[in-house]
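Hi,

Here is the model I promised to pass on. Have a look at it first, then read my notes below.

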Amino acid sequence: MMKQVRRFGPSLFLLTLTAIFSPGLAAAHGNVSMEEDICVRRIGGNMVHFSAYQPQIEPKAQYCTDIPDVGDTFLVVDLVDPSLRNLPVGVKIIRGVNENEQDETKTVAYWKPASHPDGVVRGEANLDKGLYKLIITAEGLSPSSYLLRVQQVDYSKLGRAALGPLALLLVLGIVGYELSKSSRVRGWFASRRRS
């Protein structure tokens, strides 16, 4: 019995580690502190948080820079720092990432600068497949921007999704290797070859 425990110990340890850490790999950006949140940017020294919603696709899902489908998208910028709530804050969305921000033909949506005492800048845009740049401006402060990817392949998510099956294959490979070293399994294979 102890031989079997020693033989499968590393495999069971690896399987346990995989089971413990796999749920954390799929955690959404909501499980991190505000400073580490990928949806937070700074305008001047003030923090803003961006969220996108597509209730026609998933009613309660919140997205940041990767928007899963085309169509009507609700865009929300939370003015985290209270000092921004008294300043005129505006939002502009342009198609493409390296485009001239002044080119009006590339502008998809524009919300004129206004003060937002409730701390929320809201708007809606109809987004097609592709890349967009969302630019947030506040009077007297340097602007901030987000790169939006609409219905694009997110390779980081694909990599995280592949981790589980790859870990399972690794564990099965280790178990198979350990079993192949077993005298019982060798004897069984030898008896099958003789017959």
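This is a predicted model: local features need pLDDT of at least 70, side-chain atom pairs count only at pLDDT 80 or more; totals for chains, interfaces and linings use all residues.

By buried I mean under 20% relative accessible area, by exposed over 50%, and by partly exposed anything in between (1.4 Å probe, protein chains only). Leucine 169 comes out at 58% relative accessibility, so this residue counts as exposed. Leucine 169 is found in helix H2, residues 155–180 (helices are DSSP runs of H or I with at least four residues, strands are E runs with at least two, numbered from the N terminus).

Residues are numbered from 1 along each chain as its sequence is written, and side-chain values use heavy atoms, with hydrogens and water left out.

Now strand E9 (residues 144–150). E9 is joined to strand E8 (residues 130–138) by seven bridges, running antiparallel; pairing here takes at least two DSSP bridges between two strands. Leucine 134 stands opposite tyrosine 146. In the E8 and E9 hairpin, with five residues between the strands, glycine 140 has a positive phi near 80°. Strand E3 (residues 66–67) runs parallel to E9, with two bridges, and isoleucine 67 has valine 150 as its bridge partner.

There is also an open, antiparallel sheet of four strands, ordered E1-E2-E4-E7. E1 (40–43) and E7 (120–127) are the edge strands.

Cheers
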